[in-house]
Amino acid sequence: MRRKASLILLALAVFCTAISPLMRWYAFPRLAKIPAGQYQNAVLEAKNPTLLDYGSMQAKKVPKVTIVQTLKGNVEASEEVEKSAGRDVVVWDSLSYVVGPDGKMVSQVPERYVFDAHSQAPVHPTGKYAETVDGDKVRRDGIEFKWPFLTEKRDYEYYDAQARVTRPIHYKGTQTFRGVKVYYFEQTIPWTEVPLPKTMPVKGITPESVAKTGTTRWYSTVRKFWVEPVTGAPVYGEEIQNNELRGGTLLGGRDKVTVFKGHVKMREDYIRSTVDLVKSNRVLVVLLTSYLPWGFLTLGLLLLALSLWLEARSRRPGEPEAAPEHEPEPVSA
């Protein structure tokens, strides 16, 4: 009986030990994915920034500028791109909508971001589902919005949608933010000539009309992210941003005029909701990468030890052997 139980425990030990690496290296890449239909938004604010009044072409201080950033998963586009990509793909249609202190639109820039659902590596489809910024086709060669699961302490390539370039975003250290362990990343985009938004706040002013005056738009920023490393999700972000118009006849003889200059920060209520969401998602990822693999391995080792102990008990010397049973011999008269 002990030997039979020992063999059963040994089989269970082998099963648990074998499933441990499968949870980490097989199940995790297939289960930890960004949902194709995910929807989320964030509100950021710049307090006391400098903003251009296009009516007078004068820059002035204003109480506040609000940026509403929306990410919406396009399920239909994801399914179409997956057919040619041969892997799970997420298509995010995003919109960055900037509102002035009077509640009127300052600018709006739509984007389409296509990436691998697990690794967050960019995917480059063609046709109607191609990557775009403000309606123009682009090619992203780095991450945007989100870091990979199990983010590492290293620099990453990050795509800047305004400058439409990919530049390193540098790991600057590990910190604690609102009780969450985070990696702090920072990227600097030096002064770069960039396109004007196609949707302008004043009728009659378009990128084409501005270009005819010889005036160009320039941009620089310092981008900061605090990223929870298990999920790869930023829990907080800031930008110290500058935008200018330079040269041409539109400025009335001036060399440059500030379009926007301010320190953009995530609004407090969105910080709290983002931290809560990341904390809950973190538990699911840790379950697949740590708790279950190590739990199955530990259980497998315990079952193996118990199996060996029962096997040794079954072979312990000195215990009386059971007498063999004999059939009674026939008695002859």
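1. Starting with Y236: at 9% relative accessible area, this residue is buried (buried is under 20%, exposed over 50% and partly exposed in between, with a 1.4 Å probe and protein chains only). A word on provenance: this is a predicted model, where local features need pLDDT of at least 70 and side-chain atom pairs count only at pLDDT 80 or more, while totals for chains, interfaces and linings use all residues. Numbering runs from 1 along each chain as its sequence is written, and side-chain values use heavy atoms, with hydrogens and water left out.

2. Next, the aromatic pairs (Phe, Tyr and Trp rings, the six-membered one for Trp, with centres within 6.5 Å; planes under 30 degrees apart are stacked, over 60 edge-to-face, the rest tilted). The count comes to 16. Take Y171 and F185: their ring centres are 5.9 Å apart and the planes sit at 65 degrees, so this one is edge-to-face. It ties together distant parts of the chain, with Y171 in strand β10 (165-177) and F185 in strand β11 (180-194), 14 residues apart. Strands here are DSSP runs of E, at least two residues, numbered from the N terminus. Y171 is partly exposed at 22% relative accessibility, whereas F185 is buried at 0%.

3. Back to Y236, which pairs with W226 in a tilted arrangement, 5.2 Å centre to centre and 45 degrees between the planes. This pair also links distant parts of the chain: W226 belongs to strand β12 (216-228) and Y236 to strand β13 (233-246), ten residues apart. W226 is buried too, at 11% relative accessible area.

4. Worth a look in the viewer: ring pairs join W147, Y156, Y158, Y171, Y183, F185 and F225 into a cluster.

5. The charged end of R30 is over the ring of Y26, 3.9 Å from its centre. R246 lies over the face of W191, 4.7 Å from the ring centre.

6. Finally, Q120, in the loop between β6 (105-116) and β7 (132-133). Its relative accessible area is 0%, so Q120 is buried. The Q120 side chain reaches the backbone oxygen of H118 at 3.3 Å. Leaving aside neighbours within four places in sequence, Q120 is in contact (heavy atoms within 4.5 Å) with I34, Y113, F115, I143, K146, W147, P148 and F149. Of these, W147 also turns up in the ring cluster.

Terms used: Helix = DSSP H or I, 4+ residues; strand = E, 2+ residues; numbered from the N terminus. Polar contact = N/O pair within 3.5 Å; in protein donor to acceptor, adjacent residues only side chain to side chain. Lys NZ or Arg CZ within 6 Å of the ring centre and 35° of its normal.
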